[in-house]
Amino acid sequence: MRPTVKVQAEPFDIAAETARLAAGRNDIGAIASFIGLCRADDGLAGMVLEHWPGVTERAIDTIAYDAMARWPLTGCTIIHRHGLMRPGDGIVLVLAASGHRAAALDAVAFLMDWLKTKAPFWKREEFLDGSHRWVEAKAEDDAATARWTQG
């Protein structure tokens with residue numbers, strides 16, 4: 001099984017992507033999902049996400065295959081957007097399908113932790129006052145990723 005990995009500017013449609021993942025399958029007992037949204041913290045007007053085409057997709061593909069090696073997944077979809085996001089816009093969609101809910105839920109948590117720290121995206125926050133700043137890596141994101149490599 002090959003994961004579906006897309007890096008795109010266009011919004012994603014969770015219903016269409018879920019239907020595509022499940023189409024023609026009768027071995028799926030659960031599809032877990034995560035949708036990351038742009039939020040309006042501290043006067044945020046928007047966030048610009050940049051990526052390295054080709055490299056970003058390969059990195060996400062590697063993360064998806066790692067999840068498929070760890071859990072008995074029957075399908076996996078990861079869509080990450082790039083470009084300007086406004087508060088409320090969907091940024092990332094992760095779907096994991098499996099015969100059982102625990103594997104699907106664990107895989108989605110793993111995928112998000114690893115995407116947050118290992119997928120090559122650069123994020124610039126733009127504020128209502130006209131200022132901007134680049135988003136720095138966070139220690140809590142590294143700690144979340146580390147839990148999957150310990151013991």
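Two strands pair if DSSP finds at least two bridges between them. Helices (H or I, at least four residues) and strands (E, at least two) are DSSP runs, numbered from the N terminus. On these terms, M47 stands opposite E125 in β7. The structure is a predicted model, in which local features need pLDDT of at least 70, side-chain atom pairs count only at pLDDT 80 or more, and totals for chains, interfaces and linings use all residues. Residues are numbered from 1 along each chain as its sequence is written, and side-chain values use heavy atoms, with hydrogens and water left out.

- The strands β4 and β6 run antiparallel and are joined by seven bridges; L73 stands opposite S98 in β6.
- Contact here means heavy atoms within 4.5 Å.

- Seven bridges connect β3 and β7 in the antiparallel sense.
- Three bridges connect β7 with strand β8 (residues 132–134), again in the antiparallel sense, and H132 in β8 is the bridge partner of E126.
- The hairpin of β7 and β8 has four residues between the strands, and G130 takes a positive phi near 95 degrees there.

**Nonpolar cores**

- A nonpolar core is a set of buried Ala, Val, Leu, Ile, Met, Phe, Trp, Tyr and Cys residues joined through side-chain atoms within 4.5 Å. Buried means under 20% relative accessible area, exposed over 50%, and partly exposed in between (1.4 Å probe, protein chains only).
- The largest nonpolar core holds 34 residues, of which W71, I78, V94, F110, L111 and L115 touch the most other members.
- Two or more residues of this core come from each of β2 (30–37), β3 (44–51), α2, β4 (73–81), β6 (90–98), α3 (101–118) and β7 (121–127).
- The largest share, nine residues, is that of α3.
- Another core, of six residues, lies apart from this one and has L21, L93, L95 and A97 among its members.
- Leaving aside neighbours within four places in sequence, W71 is in contact with A103, D106, A107, F110 and W148.

**Helix α3**

- The 18 residues of α3 reach 25 Å from first C-alpha to last, close to the 26 Å expected at 1.5 Å a residue. The expected span is 1.5 Å times one less than the number of residues in the helix.
- Its buried residues are A103, A104, A107, V108, F110, L111, M112, D113, W114 and L115.
- The cover over these buried residues includes β2, α2, β4, β6 and α4 (139–146).

- D61 lies in helix α2 (residues 55–70) and counts as buried because its relative accessibility is 16%.
- The side chains of D61 and R2 are joined by a polar contact of 3.2 Å. A polar contact is a pair of N or O atoms within 3.5 Å; within protein, one must be able to donate a hydrogen and the other to accept it, and residues adjacent in sequence count only if both atoms are side-chain atoms.
- Not counting residues up to four places away in sequence, D61 touches R2, P3 and V5.
- L44 lies in strand β3 and, at 8% relative accessibility, counts as buried.
- L44 touches C38, R39, P87, E125, E126 and F127, not counting residues up to four places away in sequence.
- A distance of 8.9 Å separates the C-alpha atoms of L44 and D129, which are 85 residues apart along the chain.
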